[in-house]
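Subject: Structure handover

Hello,

Here is the structure I said I would pass on. My notes come after it.

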Amino acid sequence: MIQYNQVYKTFGHGAEAVNAVENVSFKIKKGHLVAFLGPSGCGKTTLLKLTNRLIPLTGGSISINDQDIMAWKGVKLRQSMGYAIQEIGLFPNKTVYGNIAVVPRLLKWDEKLIRERVEELLLMMRLDPDAVRDRYPAELSGGQQQRVGVARSLAADPDILLMDEPFGAIDPINREEIQNEFLMVQEKLKKTIAFVTHDIHEAIKMGDKIAIFQAGRLIQYDTPEIILTNPVNRYISNFVGSDRALKLLALKKACDATKKINLNTVNGENSTREALNKLKDNKLDYLIVLDEDRPAGHVDEDSLKGIDTAVKKAAKTFPRIINEGESLRDVLSYMLVSRAKYLPVVDDRGIISGTISYRDVQTCIRNIYAKNDNK
């Protein structure tokens with residue numbers, strides 16, 4: 001979708017010339033979000049501005065769908081892409097509606113279609129259209145302004161979004177909420193996104209791939225998993241940090257470490273005697289009690305001895321039930337606090353998928369490192 005081929009950008013002349021971007025080549029696939037990551041001054045924002053010709057190339061080429069961007073008129077190129085920045089950049093003299101409608105109006109959309117699009121985007125950003133449509137940016141919170149900024153970047157339904165630290169000015173709680181909402185929108189829309197950030201945690205969370213830069217040069221371009229488990233050199237290793245395994249826990253989901261259940265279940269309507277026999281016959285430590293394939297609790301030999309009733313009446317409830325989509329970081333954190341040895345994992349319908357334990361999490365992370373060590 002976006003191809004960078006030996007891209008250079010030089011500022012200054014002669015002895016004072018500085019390469020802000022130096023011989024950068026990589027490709028962003030259609031529908032992928034790629035995080036441009038690195039310290040201040042590494043060239044990531046410069047590369048973003050080169051992509052829509054806010055600044056001119058010194059050398060090399062950039063193409064969109066195999067068409068060189070120099071074949072476009074600069075204004076038309078920029079109108080074809082969404083653009084969101086850290087400062088948000090809303091026009092203070094325009095209402096929320098007017099801000100979102102800017103590009104569609106430039107493209108001469110019918111006003112009825114613009115109204116429908118603004119309504120759709122505000123709802124998508126979890127903003128009440130009736131409450132914010134006619135308000136001005138100064139009347140909104142920072143989080144609301146940021147949502148409006150993202151909505152404006154999506155207004156003309158562009159295939160490509162350029163985002164320069166779009167959530168950087170937001171407080172941590174609102175920032176995580178907006179990140180999560182944006183990821184849900186991206187899952188639905190599948191835009192092609194170049195996303196500048198200096199935050200390794202944000203890059204890992206948001207990116208399908210991460211491009212890490214140093215002094216204008218591209219050092220590594222890989223998936224978050226490979227960057228965390230197989231950094232190409234000491235610079236990347238130091239940049240992602242010594243807590244790489246913990247960052248990997250945030251990247252992976254409970255479903256990645258879930259252990260499928262075989263014999264470790266019993267129907268809640270079965271008798272305690274049947275459950276006890278199953279434990280002994282199969283040399284099991286516990287059974288998960290199911291109610292229509294949903295975990296209702298658990299039993300072991302001690303909880304079943306001397307009781308003759310339906311096993312569901314003897315079941316101990318779990319301190320928590322884990323959803324498949326939860327991060328392994330959150331799962332492990334809860335297990336450490338609650339001292340739970342294992343917990344049931346369910347899908348979005350609440351149907352049991354399996355169980356997860358400390359050992360399952362450890363095995364998952366070790367297997368990922370072993371796989372990527374061979375690459």
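The model is predicted: local features need pLDDT of at least 70, side-chain atom pairs count only at pLDDT 80 or more, and totals for chains, interfaces and linings use all residues. Residues are numbered from 1 along each chain as its sequence is written, and side-chain values use heavy atoms, with hydrogens and water left out.

Overall

The protein has 375 residues, of which 49% count as buried (buried is under 20% relative accessible area, exposed is over 50%, partly exposed is in between; 1.4 Å probe, protein chains only). Its C-alpha trace spans about 85 × 50 × 35 Å along the principal axes. There are 18 helices and 16 strands, taken as DSSP runs numbered from the N terminus (H or I of at least four residues for helices, E of at least two for strands).

Cavity

The count comes to one cavity of 30 Å³ or more. A cavity here is a set of points, on a 1 Å grid over the protein atoms alone, where a 1.4 Å probe fits but cannot get out; lining residues have an atom within 4 Å of a point. Grid points are joined across faces, edges and corners, and the volume is the space filled by probe spheres set on the points. The largest cavity has a volume of about 40 Å³. Its lining consists of Met 125, Arg 147, Val 150, Ile 178, Glu 181 and Phe 182. Two elements, α7 (142-153) and α8 (172-189), each give two or more residues to this lining, and α8 has the largest share with three residues. By class, the lining residues are four nonpolar, no polar and two charged (nonpolar: Ala, Val, Leu, Ile, Met, Phe, Trp, Tyr, Cys and Pro; charged: Asp, Glu, Lys and Arg; polar: the others, Gly among them).

The two residues Glu 181 and Arg 147, both in the lining of the largest cavity, also form a salt bridge with the closest N and O atoms 3.0 Å apart (a salt bridge is a side-chain nitrogen of Lys or Arg within 4 Å of a carboxyl oxygen of Asp or Glu). Glu 181 belongs to helix α8 and Arg 147 to helix α7, so the bridge ties together parts that are 34 residues apart in sequence. Both Glu 181 and Arg 147 are buried.

Aromatic rings

There are 11 aromatic pairs. Rings of Phe, Tyr and Trp (its six-membered ring) pair if their centres lie within 6.5 Å; planes under 30 degrees apart count as stacked, over 60 as edge-to-face and the rest as tilted.

One of the pairs is Phe 167 with Phe 182, edge-to-face at 6.0 Å centre to centre and 65 degrees between the planes. Phe 167 is in the loop between β7 (160-164) and α8, Phe 182 is in helix α8, and they are 15 residues apart. Both Phe 167 and Phe 182 are buried.

Phe 318 and Tyr 342 have ring centres 6.1 Å apart and planes at 80 degrees, so this pair is edge-to-face. It links the loop between α16 (311-314) and β14 (322-323), which holds Phe 318, to strand β15 (residues 342-346), which holds Tyr 342, 24 residues apart. Phe 318 is buried at a relative accessible area of 12%, and Tyr 342 is buried at 17%.

Tyr 4, Phe 26, Phe 36, Phe 213 and Tyr 221 make up one aromatic cluster.

Two charges over rings are listed here (NZ of Lys or CZ of Arg within 6 Å of the ring centre and within 35 degrees of the ring normal). The charged end of Lys 9 is over the ring of Phe 11, 5.0 Å from its centre. Arg 320 is over the face of Tyr 334, 5.2 Å from the ring centre.

Other salt bridges

The structure holds 20 salt bridges. Asp 157 and Arg 117 form one of them, at 3.8 Å from N to O. Asp 157 lies in the loop between α7 and β7 and Arg 117 in helix α5 (residues 111-124), 40 residues apart. Asp 157 is partly exposed at 43% relative accessibility, whereas Arg 117 is buried at 11%. Arg 117, Glu 120, Asp 157 and Lys 191 are linked in a network of salt bridges.

Lys 312 and Glu 269 form a salt bridge with the closest N and O atoms 2.7 Å apart.

Regards

Conventions:
On a 1 Å grid over the protein atoms alone, a cavity is a set of points where a 1.4 Å probe fits but cannot get out, and a pocket is an open set with protein on both sides within 12 Å along at least five of seven lines; lining residues have an atom within 4 Å of a point.
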